[in-house]
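Work through these exercises with the structure open beside you. Try each task before you read its solution.

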Amino acid sequence: MSILTPNPTSDLIWQAAWQSNTFRWKFSLGVLATTALLFTFPGFFQTIESHSGPVLNDWVLNQLPPTDVSLGIFLTIWATALLLIIRARFSPAVFMMFIYGYIIVSLSRMLSINLVPLDPPVGLIPLIDPISNAFYGKTYITKDLFYSGHTSSIFLMFLCLRRWWDRLFALIGSIVVGCLLLVQHVHYTIDVLGAFAFTYPLYWLGKQFALSGWDNVEKQEN
C-alpha cells in the first residue's frame, strides 16, 4: 500500500486520540501557535539582519575552504522531515512532541539570536533551501546564527522519532547537517554545538506538555 493512501489503522489511532478533550485543545493550540510563528518569521529575520556583532575567529572554519553543499543539507533535512511525517500518521504522540518542541526551540532561537548578535562568518556561501528560505522573507538572512536552526530542527526530529533505525538515520543526518553547515561557512562552530546542547532540554519540556493529560498507550513507549 502506498504511504500516501489513507490507512484505516492510522485513522483509528488518530480517532482514539481525538476522543480526549485535552488532546484536542493541545492539538489546536499547537497548530495555531506554529502558524503564528511562521507568520512572524519574515519580519523577525528581516529585523535581525540589521543588527551587528563581532565576526568570530573560528579555528574549525579556518581549516575548511568554503564549499557550496546546499543540496546535501537540503536533501538530508527534508528526507528526515518526510520520514517524521510518515511516522506521525501512525503516532499522534510523535506529532505532538515535534510540534511543541518546535515551538519552544523556535522561541528560544529568537531570544538567543537577539541576545547574541553576530556578524556572519568570513566566506559564507548562501544556503539554497527553497522550503526553509520561504519563511525568511525576500532578503537572504545571514545573521540568524546562534544557534543553528537547521541543526536544531533535524536533531529535534531525531529526538521525536521512536523506531531505532529511524533514530539512527536522523542522528547521522543531524551530524552530517551540522558538519556541512560549517563546510559552507553558514554557521560558526558554536552555533552548531549550541543547537545540540539547547535542543534536548527544550524537547524535553515540549514533550512533558504535549503528552500530559490525554490517555494514549504511546506515552508508555516514550
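**Exercise 1. A domain in the record**

How far apart are the end C-alpha atoms of residues 144-205, and what percentage of the span is helix and what percentage strand?

Solution. 
- The model is predicted.
- Begin with the record. UniProt, in an unreviewed entry, lists residues 144-205 as "domain: Sphingomyelin synthase-like".
- Next, take the two ends. The end C-alpha atoms of residues 144-205 are 23 Å apart.

**Exercise 2. Transmembrane regions**

Where does UniProt place the feature "transmembrane region"? Then describe two of the spans.

Solution. 
- The unreviewed UniProt entry gives residues 27-48, 68-86, 93-111, 145-161 and 168-190.
- Take residues 27-48. The span is 100% helix and 0% strand, and its end C-alpha atoms lie 31 Å apart.

**Exercise 3. Two helix pairs**

At roughly what angle do the axes of helix H2 (residues 21-48) and helix H5 (residues 92-115) cross?

Solution. 
- The axes of H2 and H5 cross at roughly 30° and come within 10 Å.
- An angle under 35 degrees counts as roughly parallel. H2 is therefore roughly parallel to H5.
- The H2 and H5 crossing is left-handed.
- Sort the residues of the H2 contact with H5 by class: 21 are nonpolar, 5 polar and 2 charged.
- Move on to helix H4 (residues 70-88) and helix H7 (residues 149-160). Their axes come within 10 Å and cross at roughly 30°.
- So H4 and H7 are roughly parallel to each other.
- The crossing of H4 and H7 is left-handed.

**Exercise 4. A threonine in a helix**

Is Thr199 buried or exposed? Find its helix and a polar partner.

Solution. 
- Thr199 sits in helix H9 (residues 189-211).
- The relative accessible area of Thr199 is 0%. Buried means under 20%. Thr199 is therefore buried.
- A polar atom of the Thr199 side chain lies 2.5 Å from the backbone oxygen of Ala195.
- Look along the chain too. Thr199 and Arg109 are 90 residues apart in the chain, and their C-alpha atoms are separated by 9.8 Å.

**Exercise 5. A serine in a loop**

What distance separates the C-alpha atoms of Ser20 and Trp214?

Solution. 
- Ser20 belongs to the loop between helix H1 (8-18) and H2.
- Along the chain, Ser20 and Trp214 are 194 residues apart. Their C-alpha atoms are separated by 5.9 Å.
- Ser20 has 14% relative accessibility, so Ser20 counts as buried.

**Exercise 6. Backbone details**

Which two residues does a cis peptide bond join? Then examine the phi angle of His185.

Solution. 
- The cis peptide bond joins Phe146 and Tyr147, with omega about 10°.
- Tyr147 is in the loop between helix H6 (130-133) and H7.
- Turn to His185. This residue is not a glycine, yet its phi is positive, about 60°.
- His185 lies in the loop between helix H8 (164-183) and H9.
- With a relative accessible area of 4%, His185 is buried.

Methods. Residues are numbered from 1 along each chain as its sequence is written. This is a predicted model: local features need pLDDT of at least 70, side-chain atom pairs count only at pLDDT 80 or more; totals for chains, interfaces and linings use all residues. Side-chain values use heavy atoms; hydrogens and water are left out. UniProt positions are given in the numbering used here, feature names are shortened, and annotations may be inferred rather than shown by experiment. Helices (H or I, at least four residues) and strands (E, at least two) are DSSP runs, numbered from the N terminus. Axes are lines fitted to C-alpha atoms, for helices over the stretch in contact, and angles run from 0 to 180 degrees between N-to-C directions. Angles under 35 degrees count as roughly parallel, over 145 as roughly antiparallel, 65 to 115 as roughly perpendicular and the rest as oblique. A crossing is left-handed if the near helix is turned anticlockwise from the far one by less than a right angle, and right-handed if clockwise. Ala, Val, Leu, Ile, Met, Phe, Trp, Tyr, Cys and Pro count as nonpolar, Asp, Glu, Lys and Arg as charged, and the others, Gly among them, as polar. Buried means under 20% relative accessible area, exposed over 50%, partly exposed in between (1.4 Å probe, protein chains only). A polar contact is a pair of N or O atoms within 3.5 Å; within protein, one must be able to donate a hydrogen and the other to accept it, and residues adjacent in sequence count only if both atoms are side-chain atoms.
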